[in-house]
Amino acid sequence: MDAFIYDHVRTPRGKGKSDGKLHEVTAVSLASQTLAALRDRSSLDTQLVEDVVMGCVAPVGEQGSNIARIAVMMAGYDESVPGFQINRYCSSGLEAVNIAAAKVMAGQGMAAIGGGVESMSRVPMGTGGGAWATDPDVAFRTYFVPQGVSADLIATLHGYSRNDLDGYAVASQQRAAKAWSEGRFARSIAPVKDILGVTLLDHDETVRGNVTLESLASLKPSFAEMGEKYGSDGVALLRYPQVERIEHRHHAGNSSGIVDGAAAVLVGNAAFGRKAGLKPRARIRAFASIGSEPTIMLTGPTPATQRALKLARMSTADIDLIELNEAFAAVVLRYMEALSIPHDKINVNGGAIAMGHPLGATGAMILGTLLDEMERRNLGTGLATLCVGAGMGTATIIERV
Amino acid sequence: MNQVIRYELEGDVALWMLDNPRKSTNTIDQAFLDDLEACITRLQSEEGTRGAVITSAKALFLAGADLNDLERNDEVMRKLPPAEMFEKVFSLSRLLRKLETCGKPVACAINGTAMGGGLEIALACHQRFVAEIPGLQLGLPEVQIGLLPAGGGTQRLVRMLGIQAAMPCLLEGKSLDPQAALTARIVDAVVPRGEIVERAKQWVRSGPDCVKPWDKEDFRMPRGAGPMDPRVAGLLVVSNALVHEKTADNLPAPRAILSCLYEGPLLPMDLALRLECKYMTRLLIDGTTRNMVRTLFINKSKCEKLYRRPADIPVTQFTKIGVIGSGLMGAGIAQVAARAGIEVVLMDVDLATAERGKAAIAKRLNDSVTKGRLAADKAESTLARITSSNDYAALRGAQLVVEAVFEDRGIKSKVIAAVDEIVGPNAVLASNTSTLPITGLAGYSKRAKNFIGLHFFSPVDRMPLVEIIRGKKTDDATLARVLDFVQRLRKTPIVVNDSRGFFTSRFFGSYVNEGIAMVGEGVAPALIENTARILGMPVGPLAVQDEVGLDLAVSVTRQTKADLGDAWQPGTSYPIVEKLSAGLGRHGRKSGGGFYDYPQGGKKRLWSGLSDIWPAREPQPAVTEVRRRMLYIQLIEAIKCMQEGVLEYAADGDVGAVFGVGFPAYTGGPFSYIDHLGAARVLRECNELAKRHGERFKAPRLLREMARDGKRFYG
């Protein structure tokens, strides 16, 4: 059975620090405002929604236990709508949509919502704990290094210079700024309001279209200290001994920004559309998640893409437009090189380097961005993919109907 | 019943006196465990006795477990099923837990050095007093020989100090003096030696709480910082990475200690103690611990006790020696001899050169004083014992003369002949050569029986090993004398027979040669250097050659070629070294570049030109293959040295390899490691490698025989 995307919405992304515009908004409120917006835009009868899946990467504290069901209740959905939270690190938001689609495809429901939420200013990255980096048995066995060191390892291994990475970052900022100025995101942005109902933020807070190679050149590498002083480079070289030493080339300006945000995608079968009076916007053709080598960690999008393409019986040439989460500039450069993707086919409206990466929500956000742009350009097929912690990747292929 | 712990009633307090009547030190053996158990049981049931004080009648409070037993019982232990092995290992921990929960207060009056198990007993007590005795040390050094403190040491320390503070004690095995132990909160009070037992008794009589904090409902880790606390997460990430990087995961003990610190605090104490002991059992099963205990402790001690010294020769008390050549090695030898209280004549071709050598010593001593490693008066008296000279007559009366002049036969022969004229008939002549055969050099002396090789390692004041090389004609008395000398320097001697490169240089040379040869085959230089680190070598082969100098390798090779004539065969690395050094003037670090470039103010980088001369081969070999080549070429060289009689005992080879040239400690040295792997497996690997890489990997006869007969180097 086919699963279609009927609608999607996201919050603008607020700077993920205490001076960010969304800092005063609870994670539950971020998520429930998003779900409410999705409902209200299309006068959705929420009784038709059979499940709500939300990604969240630090599911502790106010994001803890099961934020999806809490957000469903707070959004005023019908009480028959359940919810559950998932965590596939950075691709959680996309994985949530895939799970919603899988339920529909399997015929176990007419419609479901997939999305995600992360208030990185209120529940900082890493708060979730976990054994991976801290349990010696796990850390040694898996050659754990922090993601930034992995990104620098990719750059070193494949010879991406600081200039290459910064050049990519500048393009991302310029593309994002242009997209905003032309209103390309407008259709899907649900401004976030405070408890008085006053709008706090209606645009992505961290976009800086005036960034230049020169202005980025002054930024210090972010992961040199961790790598050189605290052992991580040495651990990476035990896994990649062909590299003489890790060149630390990623910094705050060519890595994804830390932000707050939420997103939701409404998925349903054809019957749902008829019943709800909604027109499907795209068919979900195929999706896949894969595991890859965990120390370099961030090379998963390539095999994830290949597996999704295989499931869809397609090749890269059949894909008109791609969104790859800009976790780090090297991740995108590597993906473009590995799959021979030209720059004008990927992240055409910028990405997380400019607009930020609200961990649990990003996957759903970029899928929506992809669909909006496919419609704007009148393209047929698109693919969204993300690199994922501990060596994973997720990809989803959609086509317009 | 009580054999090694006396139970003495002093009014209402029991005094447990650690006093093994058959040994000079108290150690933890079965008799000790039996006695301790009896003491605890009696204290618990003895009405009117309020508690106990543990103290020692020996200078050392209590040494830990007897490591000789550990090595001796290893084979038997390792045949046990893991659960049974665990029960045996757990016996001390179980007993200490019984002590800790006996219901009456027990104080420890630590009146001497307490290391390992000795300190663990103190930690199990309810209060620790330590006597103010200079030189008294407290520590848990288990990690240094591949063990962990399995008598509750990791679990008590982490609960007392917190994870961060417990780490240096356990991961580095650092020992502390009484004051430092008090500051670290490992002990409760430092008291004068004469009052310690009385103070401890007073404490027992004060009716103190004898339930440990971790046995109470409201126990929290110090500052609330357990392993799941986000404030500790960063520390754990860093400590994991640092230990992983440093050990390349070749050493299981620090990793096991980290696990004890991470997992243990989440468990109730009784379960945590069992977990600690399960990690210890795993270490024993792994075998690395046995390798390390054997070489780092047992064999090293044997060497230091001069097990190779011929008997019946009176001990020589050295009062005066001479050192010829005031360069790096000569000055180093002069320094350590003077430091040991021996008068030294430091000679060179002219007085100014000799003075420069002495000035270099003064600078090094001064640095040690600045760093607090040496008292100023000690530095002064050391320097005062060194006389610089350019006159052979100054050597008159020297009991030993060490030549450390340039590695050139012509120069050496003149020096040796000149010394012959001056020194007395029993004086020993020693050469610090690292490459030239001793028997040949002995020919320049009229008294070849007094001639011997004394191979120090650089830097002399820090490297613990001295390789003693017996020439063909060296007599027993000469060997005994230089062994006495090395012992006086507090260094570790090994004894080998003459051969080009002796043992250590030959052994180490095989590794450097193999590494460099791979450059010529187009193996990525970074892969060679990093794989050396993965194997556990302290420095990669290319970096080593850069430090030694490529020009030196060329001149040594040319000398060898001249010596051997037609029998000479070039090493597989020689064309590469010759091309860089003779061809391109890249002689190593001192010339500003060799395999590496040395940018000013920056870190060294592998020279990018290497891949132009020797293009990278595709595909690159697997890490495992590169590692195998570097490891097995050394194992083969060690076996050849044994087969040819250069080595007579495996212990000399293992100690020499580990302490002289940095062969990784986890192996226990090449011979321990061959036993560890099994001769059959080593033979199989050699055969495979010989097929792929040539004759130099061909298994020596001795290895084939050992594999056939199931023989081992040890036991």
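Two strands pair if DSSP finds at least two bridges between them. Helices (H or I, at least four residues) and strands (E, at least two) are DSSP runs, numbered from the N terminus.

This is a predicted model, in which local features need pLDDT of at least 70 and side-chain atom pairs count only at pLDDT 80 or more, while totals for chains, interfaces and linings use all residues. Residues are numbered from 1 along each chain as its sequence is written, and chains are lettered from A and ligands numbered from 1 in the order in which they are written.

Select B:Val344 and B:Ile386. B:Ile386, in β12(B), is the bridge partner of B:Val344. Now show the whole of strand β12 (residues 386-389) of chain B: four bridges join it to β11(B), and the two run parallel.

Next, select β11 itself, residues 343-347 of chain B. Four of its five residues are buried (20 or more other C-beta atoms within 10 Å of the residue's own, with C-beta atoms placed from the backbone).

β10(B) pairs with β11(B) in the parallel sense over five bridges, and B:Val323 stands opposite B:Leu346 of β11(B). To follow the chain from β10(B) to β11(B), show helix α15 (residues 328-339) of chain B; this β-α-β crossover is right-handed (with the strands pointing away from the viewer, the path from the first strand over the helix to the second runs clockwise).

Finally, turn to the contact between the chains. It takes 27 residues from chain B and 21 from chain A, where contact means C-beta atoms, placed from the backbone, within 7 Å. On the side of chain B that touches chain A, select α11 (230-247) of chain B; α11(B) gives the largest share, ten residues.

Terms used
A residue is buried if 20 or more other C-beta atoms lie within 10 Å of its own, exposed if 12 or fewer, and partly exposed in between; C-beta atoms are placed from the backbone. Two residues are in contact if their C-beta atoms, placed from the backbone, lie within 7 Å.
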